[in-house]
Amino acid sequence: MLDIFAIRKDFPILARQVNGKPLVYLDNGATSQKPLSVLQAMDDFQRNHNANVHRGIYTLSEEATALYEGAREKIRQFINARSVEEIIFTRNATEAINLVALSWARQKLVAGDEVLTTEMEHHSNIVPWQMLAKERGIMLKFVPAKPDLGTLDLGLFETLLTPKTKLVCVGHMSNLLGTVNPVKTFVEKSHAVGAKVLIDGCQAVPHLPVDVQQLGADFYAFSGHKMLGPTGIGVLWARKEILDATEPVLGGGDMIKEVTKVGATWNDLPWKFEAGTPNVVGAIGLGAAVDYLTKVGMENIWQHEQDMATYVLPKLTAIPGVQLFGMQKPSLDRGAIFSIWIDGMHPHDIASIFDEQGIAIRAGHMCSQPMLEVLGKPAAARASFYLYNTQAEADVFLNAIEDAKKVFGV
Ligand SMILES: Cc1ncc(COP(=O)(O)O)c(C=O)c1O
């Protein structure tokens, strides 16, 4: 059991009032709040250790390098990668996915090859593949979702897999539905036809234990800011063998071993893929976030979110006129993300009425337009919970829906 009240004290922003009401922050799917330890780690670095990394032979630069590379090691342990060579810092998950598209996929895939993604993906796991498909004559196919169940159609997935399939891209947890996809099954079936697998772990790494070796995928992408870390830092994990056999896409400082007027040789992994001065302070903040999550325990965080879903789901689905997308009942394959539609109220209206009461939720297409199209709706209102959200906040959210319905007379 989490001591949520002790946890909440670690997050200064949670003491805020918004429009005269205590903040109820339920937009964790978009970004999470940051604990003091993360803010302090970043502040301490800037005040006391700031220097560029990997360059200077002087104390500050050595300290900065040790802190930056130390953060990488924390992340390696957190997702159980074999080696820090497999942890590449990026700006965010979007950049991590694009890096795979622009490097490995662009170098290895040829016209006529097929890439499979799914209808349930965030736009960042669709658009880079559309761009690549257009540029290279690659066929992009979508694994259909079952809108009534909120799951992917595994039967149809198997029929789409062919020897032409070179890459399968699937989200670990849906940012719209909260569904946890059977990614291990995706990996096994894809590998059986010789396809590589990229998992978008943006919503999974912050919320449940992730072990990249156990999942067995080839690429795994996530963002720091959704897991208590700062914005501007993300991670691409990829198998060392694949990274070794892939050319970098960005050239410049730090990614080279030697440069002459006729050419250059590449640095070792992971720096081969990190051209230029990296986001040192961001990586250090993410390292502190990983320390925080590890101290609380990912099993405990996931259990808390399951408890939240168990509490919210029966109440939410019992409100007349509320259509909840995805799984209707608590399940081990579902997180605490609740996207709804109410006939007669646009999601933006719901979000702005909630804001008057200090409740922050997301409204719009959630960067999931293909899935919303499958659901037959233009937008949704989404509440997404995290380790610091309480049952009392769930009640505020549920009551606010009832109140909003009265205001709109629906
Ligand atoms: C499932 C999923 N993938 C990818 C992203 C993109 O994350 P970022 O904007 O940090 O790159 C998000 C962000 O909402 C997401 O929820």
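## Ligand shell

Residue classes are assigned as follows: Ala, Val, Leu, Ile, Met, Phe, Trp, Tyr, Cys and Pro count as nonpolar, Asp, Glu, Lys and Arg as charged, and the others, Gly among them, as polar. The model is predicted, so local features need pLDDT of at least 70 and side-chain atom pairs count only at pLDDT 80 or more, while totals for chains, interfaces and linings use all residues. Residues are numbered from 1 along each chain as its sequence is written.

The ligand is surrounded by 14 residues, the closest being Asn 92, Thr 94, Asn 175, Cys 202 and Ser 223; a residue is near a molecule if its C-beta atom, placed from the backbone, lies within 6 Å of it. Sorted by class, the shell has four nonpolar, nine polar and one charged residues. Both domain 1 (4-30 + 297-408) and domain 2 (40-294) contribute to the shell, so the ligand lies between them. The domain bounds come from an automatic or database domain assignment.

Two packed helices are described by the angle between their axes and the distance between the axes. Helices (H or I, at least four residues) and strands (E, at least two) are DSSP runs, numbered from the N terminus. Axes are lines fitted to C-alpha atoms, for helices over the stretch in contact, and angles run from 0 to 180 degrees between N-to-C directions.

Helix H3 (residues 59-79) packs on helix H10 (residues 280-296) at about 40°, with the axes 8 Å apart. H3 is therefore oblique to H10, where under 35 degrees is roughly parallel, over 145 roughly antiparallel, 65 to 115 roughly perpendicular and the rest oblique. The crossing is left-handed, meaning that the near helix is turned anticlockwise from the far one by less than a right angle; clockwise is right-handed. The residues of this contact divide into 11 nonpolar, three polar and three charged.

## Packing of H2 against H10

The axes of H2 and H10 come within 8 Å and cross at roughly 145°, and this crossing is right-handed. Residues in contact (C-beta atoms, placed from the backbone, within 7 Å) include Ala 41 and Phe 45 of H2 and Ile 284 and Ala 288 of H10. By class, the contact has nine nonpolar, three polar and one charged residues.

## Backbone features

Most residues other than glycine have a negative phi, and most peptide bonds are trans. His 54, not a glycine, has a positive phi of about 65°; His 54 sits in the loop between helix H2 (36-49) and H3. The peptide bond from Leu 269 to Pro 270 is cis, with omega near 0°. Pro 270 belongs to the loop between strand S14 (264-266) and H10.

Notes
Contact = placed C-beta atoms within 7 Å.
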